[in-house]
Amino acid sequence: MTSPSETTSRPTVWSSAMRIDGTRLWQSLMDLAQIGATPKGGVRRLALTDLDRQGRDLVIGWLRDAGAAIDIDGAGNIFAVRRGRDDTAAVVYTGSHVDSQPSGGKFDGPYGVLAGLEVLRTLNDARVTTRKPVGVAIWTNEEGTRFIPTMGGSGAFAKVHTLDYLLAQRDIDGVSFGDALRSIGYAGSAPVGERAVDAYFEAHIEQGPILEAEDKVIGVVTGALGQRWYDCVWTGQDAHAGPTPMETRHDALRGAAAMVNAVNAIALRHAPDGRGTVGFMQVKPNSRNVIPGQVAMSAEFRHPHDETLAAMDRELRDAAATIARDLRLECDLKQVIALPASHFNPDCIDSVQRAAEMLGLSHRRIVSGAAHDAVYLSRVAPTSMIFVPCKDGISHNEIEDARPEHLEAGANVLLHAVLARAGAA
Ligand SMILES: [Zn+2]
């Protein structure tokens, strides 16, 4: 028997035959990229600036046009929900972020948001009412460039940090996150994190070279690397570069240099999944004829297994102690961030893989080297991600690029993963 409501929600296209509109998706990406566009073809749209407001306004307008109800929480996270047949059911969310790095690209973040918008538009075109509601989330300050921490909005949502902590963060000009959020009109009234999420799927460019190198279109993301971040200060003694014999020096930069080698050697010992990077160093007094008395530096490790990260941590501490002893230096090594490896939900991972198979797209399972909003969402809801290739694996750069057909394919995988979870007519 067919009830009247089922008749009105009958799709015009059988659900497995539904496809997103790749041209419309591309056009939305290019339109959003106009806001904060840089001369080299990238985007500079830092979190909670007027450009961020303009980007949010544009996307919210599109989401409203697609019939979604908009709600904004106290962290400025935006939730756009399309009704389902059962509106008491938890929402199947997709999404990402619209803020960028200072010299960022057009796709990191906007792709996940606009692929979600495209899913809603496609459901409308096909006149499909899903059983569960389907929503698009836009998370505040994912990049962590203007304000730390990174993934601030999704972290508050997942209760990794409190809203008060987030709102109190200040940028280099002393402006607080809370004031910046109010000044762009996005300090919403909805409570943070009190929202039933049935599942979360995030589409994103890979930001690495693996899919392109293996000629695969879809990355079925099974989790994200764990991370350990360190601050390290080497202290020796400033001295004149001429009169001071080599054997009596306390050269802090030699300690730092040995540490750079140690970080890289440790990561290589845990190949192929280990990563080790020193990306920051400050030399004092930084004068060419003075032996450096102090060097502050960063270090970080990433690996998919927490036990291995713990081993890398021990190796780093041993190396620091040995270097300090050999070079007669003091070493103050502090761990500042420990993010455990994320393991996404097996059902959500399977939904993504089945969608890729059904669409006949080449795919492989992959672990994300970067953290994403999905990493925090995975702590409170079943989660997975969909990666598509980006040119030469380059991201966080104005030359970041991706092929329209890959973006279209990823959005189609997103559509069918969402449909499988939300229940099509
Ligand atoms: Zn991103």
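Predicted model: local features only at pLDDT ≥ 70, side-chain atom pairs only at ≥ 80, totals over all residues.
Biologist: Which residues of H3 are buried, and on how many sides of the helix do they lie?

Modeller: Helix H3 spans residues 50–65 and reaches 23 Å from its first C-alpha to its last, close to the 22 Å expected. Its buried residues are Asp52, Gly55, Arg56, Val59, Ile60, Trp62 and Leu63. Because they cover an arc of only 160° around the axis, they sit on the same side of H3.

Biologist: Which exposed residues does the face of H3 turned away from its buried side carry?

Modeller: Let's begin with what covers the buried residues of H3: the cover includes helix H2 (22–33), strand S1 (69–72), strand S2 (78–82), helix H4 (110–125) and strand S4 (134–138). The face turned away from that buried side carries the exposed residues Arg64 and Asp65.

Biologist: Which strand gives the most to the lining of the largest pocket?

Modeller: That pocket has a volume of about 1200 Å³ and is lined by 47 residues, with Gln227, Arg302, Gly369, Ala370 and Ala371 nearest its centre. Strand S7 (226–235), S9, strand S12 (294–303), strand S13 (330–339) and strand S15 (363–368) each supply at least two lining residues. With five residues, the strand that gives the most is S15.

Biologist: Which elements give two or more residues to the lining of the second largest pocket?

Modeller: About 300 Å³ of space lies in the second largest pocket. Its lining includes Trp229, Ser298 and Val336, and by class it divides into five nonpolar, three polar and two charged residues. The elements that give two or more residues to this lining are S7, S12 and S13.

Biologist: How many nonpolar, polar and charged residues line the largest cavity?

Modeller: The structure holds one cavity of 30 Å³ or more, and about 40 Å³ of space lies in the largest cavity. Its lining is made up of Ser100, Gln101, Gly104, Gly105, Asp108, Glu143, His396 and Glu400. By class, that lining has no nonpolar, five polar and three charged residues.

Key
Residues numbered from 1 in each chain as written. Heavy atoms only, no water. 1 Å grid on protein atoms, 1.4 Å probe; cavity = no way out; pocket = protein on both sides within 12 Å on 5 of 7 lines; lining within 4 Å. Points joined across faces, edges and corners; volume = space filled by probe spheres on them. Nonpolar A, V, L, I, M, F, W, Y, C, P; charged D, E, K, R; others polar. Helix = DSSP H or I, 4+ residues; strand = E, 2+ residues; numbered from the N terminus. Expected span 1.5 Å × (residues − 1). Buried < 20%, exposed > 50% of the residue type's maximum accessible area, 1.4 Å probe, protein only. Arc of directions from axis to C-beta. Contact = heavy atoms within 4.5 Å.
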